[in-house]
Amino acid sequence: MRDFMKRSLQIEDKNSICYEFGWLNKKKNDKWKISDLYESLENLSEGYGELELENKTLKKNLDKFQESNNRYIEFYNNGPLGLFLLDKEGIIKDVNITGAVMLGLNPEDMIKSSFIGFVSGNCRDIFNEALLKDWNENEDQSFKINLIGKEKDIIPVKVLLNIIHDDQN
């Protein structure tokens with residue numbers, strides 16, 4: 001319970017009180033009429049009602065945001081394209097379900113793996129050069145390479161390499 005709620009009121013007579021509530025904007029020894037106290041409580045009650053309405057609005061907006069976020073996650077994970085988020089060294093930080101299934105794996109199994117391990121040997125130089133150029137020149141690129149699936153099958157893909165900087169680079 002807050003400090004000001006713990007403090008006491010002392011009734012001096014029928015029409016006035018002496019209080020110790022700092023939040024009532026009167027000095028400690030000022031006299032209060034009972035009507036002043038009721039007016040202050042009424043103002044607090046109105047403020048509480050306004051806060052309740054604002055809280056309902058915030059909850060409603062949070063629900064809308066969460067619904068929108070869930071739709072985005074569903075689209076990201078199950079969209080028609082395989083999406084891989086790599087760091088500067090080509091380590092997989094995130095992958096959608098489509099990208100993982102394309103290679104015959106689960107997304108969780110691919111996190112922290114080197115993407116180059118999924119690139120066909122004759123395409124690794126192309127990918128490494130593109131990745132290096134993308135990071136150094138901040139230039140979007142498009143090229144074709146072959147990936148290697150779980151069953152060692154060759155999967156031809158078109159890579160659209162876009163750099164996105166975040167706090168962790």
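From the N terminus onward, the secondary structure elements of the chain follow the order α-β-β-β-α-β-β-α-α-α-β-β. The model described here is a predicted one. In total, the chain comprises five helices and seven strands. Of its 169 residues, 25% are buried. The chain exposes about 12800 Å², of which carbon and sulfur atoms supply 52%. Among the contacts between residues at least 6 apart in sequence, 24% join residues that are at least 24 apart.

The largest nonpolar core contains 23 residues. Within this core, the residues with the most contacts are Val119, Phe127, Ile145 and Leu147. Two or more residues are given to the core by each of the elements β5 (92-95), α5, β6 and β7. With residues up to four places away in sequence left out of the count, Phe127 touches Leu86, Phe115, Ile116, Val119, Phe143 and Ile145. The relative accessible area of Phe127 is 2%, and this residue is therefore classed as buried, the limit being under 20%.

Aromatic side chains were considered as a separate group. The structure holds three aromatic pairs. In one of these, Phe84 and Phe115 are arranged edge-to-face, with 5.0 Å from centre to centre and 65° between the planes. Phe84 belongs to strand β4 (residues 84-86), whereas Phe115 is located in the loop between α4 (107-110) and α5 (124-137), so the pair ties together parts that lie 31 residues apart in sequence. The two partners fall into separate classes of accessibility: Phe84 is partly exposed, at a relative accessible area of 23%, while Phe115, at 5%, counts as buried. Phe115 also forms an aromatic pair with Phe127, and this pair is tilted, with a distance of 5.1 Å between centres and an angle of 40° between planes. The latter pair links distant parts of the chain, as Phe115 is in the loop between α4 and α5 and Phe127, twelve residues apart from it, is in helix α5. Phe84, Phe115 and Phe127 together form one aromatic cluster.

Tyr38, Leu41 and Leu44 form a nonpolar surface patch, and their accessible area together is about 320 Å². One of these residues, Leu44, lies in helix α2, which spans residues 34-78. Leu44 has a relative accessible area of 43% and is partly exposed.

Side chains of opposite charge can pair when their charged atoms come close. A search of the whole structure finds two salt bridges. In one, Arg71 is joined to Glu67, and the closest N and O atoms are 3.1 Å apart. Arg71 and Glu67 are four residues apart in helix α2, so about one helical turn separates them. Arg71 is exposed, with a relative accessible area of 52%. In another salt bridge, Asp87 is joined to Lys93, with 3.7 Å between the closest N and O atoms. Asp87 counts as buried, at 14% relative accessibility, whereas Lys93 is partly exposed, with a relative accessible area of 46%.

Lys112 is not a glycine, yet its phi is positive, at about 75°. This residue is placed in the loop between α4 and α5, the loop in which Phe115 is also located. Lys112 is exposed, with a relative accessible area of 71%, in contrast to Phe115, which counts as buried at 5%. Lys152, likewise a residue other than glycine, has a positive phi near 65°. Lys152 is found in the loop between β6 (141-148) and β7 (154-161). The relative accessible area of Lys152 is 67%, and the residue is exposed.

Definitions and conventions: Residues are numbered from 1 along each chain as its sequence is written. This is a predicted model: local features need pLDDT of at least 70, side-chain atom pairs count only at pLDDT 80 or more; totals for chains, interfaces and linings use all residues. Side-chain values use heavy atoms; hydrogens and water are left out. Patches are made of residues with over 30% relative accessible area and no salt bridge: like charges are joined within 9 Å, nonpolar side chains (Val, Leu, Ile, Met, Phe, Trp, Tyr) within 5 Å. Accessible areas come from the Shrake-Rupley method with a 1.4 Å probe; for residues, only the protein chains shown count as cover. A salt bridge is a side-chain nitrogen of Lys or Arg within 4 Å of a carboxyl oxygen of Asp or Glu. Buried means under 20% relative accessible area, exposed over 50%, partly exposed in between (1.4 Å probe, protein chains only). Rings of Phe, Tyr and Trp (its six-membered ring) pair if their centres lie within 6.5 Å; planes under 30 degrees apart count as stacked, over 60 as edge-to-face and the rest as tilted. Contact means heavy atoms within 4.5 Å. A nonpolar core is a set of buried Ala, Val, Leu, Ile, Met, Phe, Trp, Tyr and Cys residues joined through side-chain atoms within 4.5 Å.
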